[in-house]
Amino acid sequence: MLKNKKTVKIRGALLDWYDSEKRDLPWRQTRDPYSIWVSEIMLQQTQVQTVIPYYRRWMRAFPTLRRLAKAPEEKVLKLWEGLGYYSRARNLKKAAQKIQQDFNGVVPENYQDILSLPGIGKYTAGAILSIAHDQPLPVLDGNVKRVLARLFALKENGASGRSEKRLWQVAEDFLPDTRPGDFNQAVMELGATVCLPKNPMCPLCPLKKYCAAKKLGDPERFPPPKPRTPAKKIEVSAAVLQRGKKIFIQQRLHDGLMGGLWEFPGGKREKNETPEDCLVREIREELGIDIRISEKLMVIKHSYTRFRVTLHVFRVRLGTGRLKPTQCEQWQWVNHEELNSYTFPAANGKIVKYLTQNGRV
Ligand code: SF4
């Protein structure tokens, strides 16, 4: 921890600003570690305004860890639907069960214990323990990295393990002994509301007197940009497979990408395949049957963080062979009204929306 006079002034200015300007957010009205944990997990990769209604619904459905530990996974995933990165929800539930079994139902206060829970890394452990129990542990997310890089004109962007380690060290040195939880939240709040990635609002900033990047005249240069990996493009065919008024859906394997979510069967197009050929092959491989394609329903384009999907959706009927799904946890024939009670990945969700709005199966 730094103790020089300037650092003490910076910390004081930041905490005073936080005390008067902090947003009134539902998870700031409690020191309950479970509530803080839920909010921190939801806020990873997601904007505050989006998180608020999800957080409220979640806390109404699972007000305690015990209720979460006992909840069916389908209900947990349904409440997370639209937030993406479903492993976060599954890990919350797994961690809640582990806490019931190994920690007498109480969120551990020991750093190593809390780190042993599924889905909790250094950032989340620091956030929960500092905010709920005022333990002097730093946090480092995108907002904190940006504020630190600008305040101290650092050339670090966290792109390498070494750079990340140095930023953690700066965050630790910057953290005061008193009110570390509020201090962590103050740095994050400044990054989220004032020290924005583009057009930081320096005239309104409580740290403007001390900020090295501002003095250099172009704060946006800090932190230096990370090299970008372009999103991979993939083409997929999917089947709305009908039998009478029922539609076939299957649950993805738990241990894969978007595990546990439901989907329409299909798969990735191979080189030189048409979307139709791809679908016939995939359904034969996945379900053991031949299909008859009735019509093309739509083409959906959807961007995930690391890839962009073009999804060709066909209405199909059973052809020959005996249905024998092999690459899913379970499967169902459902009416179109029932589709909304299952949780689908975002791109498949657009098919559900189409089917439920058009009421046609
Ligand atoms: S003065 Fe500007 S660049 Fe520096 S911390 Fe404040 S908002 Fe960010």
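The following legends describe close-up views of a predicted model.

Residues are numbered from 1 along each chain as its sequence is written, and side-chain values use heavy atoms, with hydrogens and water left out. Because the model is predicted, local features need pLDDT of at least 70 and side-chain atom pairs count only at pLDDT 80 or more, whereas totals for chains, interfaces and linings use all residues.

Figure 1. Helix 2 spans residues 33-43 and is mostly covered, with ten of its eleven residues buried. Here buried means under 20% relative accessible area, exposed means over 50%, and partly exposed lies in between (1.4 Å probe, protein chains only). Helices (H or I, at least four residues) and strands (E, at least two) are DSSP runs numbered from the N terminus. The buried residues of helix 2 are Pro33, Tyr34, Ser35, Ile36, Trp37, Val38, Ser39, Glu40, Ile41 and Met42. Among the elements that cover them are helix 3 (48-61), helix 4 (65-70), helix 5 (73-80), helix 6 (87-102), helix 8 (122-133) and helix 11 (180-193), where contact means heavy atoms within 4.5 Å. Gln45, which follows helix 2, has a positive phi, near 70°.

**Figure 2. The aromatic pair of Trp27 and Tyr55.** The structure holds ten aromatic pairs. Rings of Phe, Tyr and Trp (its six-membered ring) pair if their centres lie within 6.5 Å; planes under 30 degrees apart count as stacked, over 60 as edge-to-face and the rest as tilted. The ring centres of Trp27 and Tyr55 are 5.2 Å apart and the planes stand at 75°, so this pair is edge-to-face. Because Trp27 belongs to the loop between helix 1 (5-21) and helix 2, and Tyr55 to helix 3, the pair ties together parts that are 28 residues apart in sequence. Trp27 counts as buried at 7% relative accessibility, and Tyr55 counts as buried at 6%.

**Figure 3. The aromatic pair of Phe248 and Trp333.** With ring centres 5.5 Å apart and planes at 70°, Phe248 and Trp333 form an edge-to-face pair. Phe248 lies in strand 2 (residues 246-251) and Trp333 in strand 7 (residues 331-334), so parts 85 residues apart in sequence are tied together by the pair. Both Phe248 and Trp333 are buried.

**Figure 4. An aromatic cluster and charges over rings.** One aromatic cluster is formed by Trp58, Phe62 and Trp80. A charge sits over a ring if NZ of Lys or CZ of Arg is within 6 Å of the ring centre and within 35 degrees of the ring normal. The charged end of Arg57 sits over the ring of Tyr54, 4.8 Å from its centre. The charged end of Lys122 sits over the ring of Trp168, 4.3 Å from its centre.

**Figure 5. Lining of the second largest pocket.** The volume of the second largest pocket is about 600 Å³. On a 1 Å grid over the protein atoms alone, a pocket is an open set of points with protein on both sides within 12 Å along at least five of seven lines, and lining residues have an atom within 4 Å of a point. The lining of this pocket comprises 26 residues, of which Val236, Arg252, Glu263, Gly266 and Gly267 lie nearest its centre. At least two lining residues each come from strand 1 (232-243), strand 4 (266-268), helix 13 (275-287), strand 6 (307-318) and helix 14 (346-358). Strand 1 gives the largest share, four residues. By class, the lining holds 14 nonpolar, seven polar and five charged residues.

Figure 6. Most residues other than glycine have a negative phi, and most peptide bonds are trans. A cis peptide bond, with omega about -15°, joins Phe222 and Pro223; Pro223 lies in the loop between helix 12 (212-216) and strand 1. Asn199, although not a glycine, has a positive phi of about 50°. Asn199 is found in the loop between helix 11 and helix 12 and counts as exposed at 58% relative accessibility. Met258, also not a glycine, has a positive phi of about 50°. Met258 is placed in the loop between strand 2 and strand 3 (262-263) and is buried, with a relative accessible area of 19%.

**Figure 7. Surroundings of Ala125.** Ala125 is found in helix 8 and is buried, with a relative accessible area of 0%. Not counting residues up to four places away in sequence, Ala125 touches Tyr111, Ile114, Leu115 and Ile120.

How values were computed
On a 1 Å grid over the protein atoms alone, a cavity is a set of points where a 1.4 Å probe fits but cannot get out, and a pocket is an open set with protein on both sides within 12 Å along at least five of seven lines; lining residues have an atom within 4 Å of a point. Grid points are joined across faces, edges and corners, and a volume is the space filled by probe spheres set on the points. Ala, Val, Leu, Ile, Met, Phe, Trp, Tyr, Cys and Pro count as nonpolar, Asp, Glu, Lys and Arg as charged, and the others, Gly among them, as polar.
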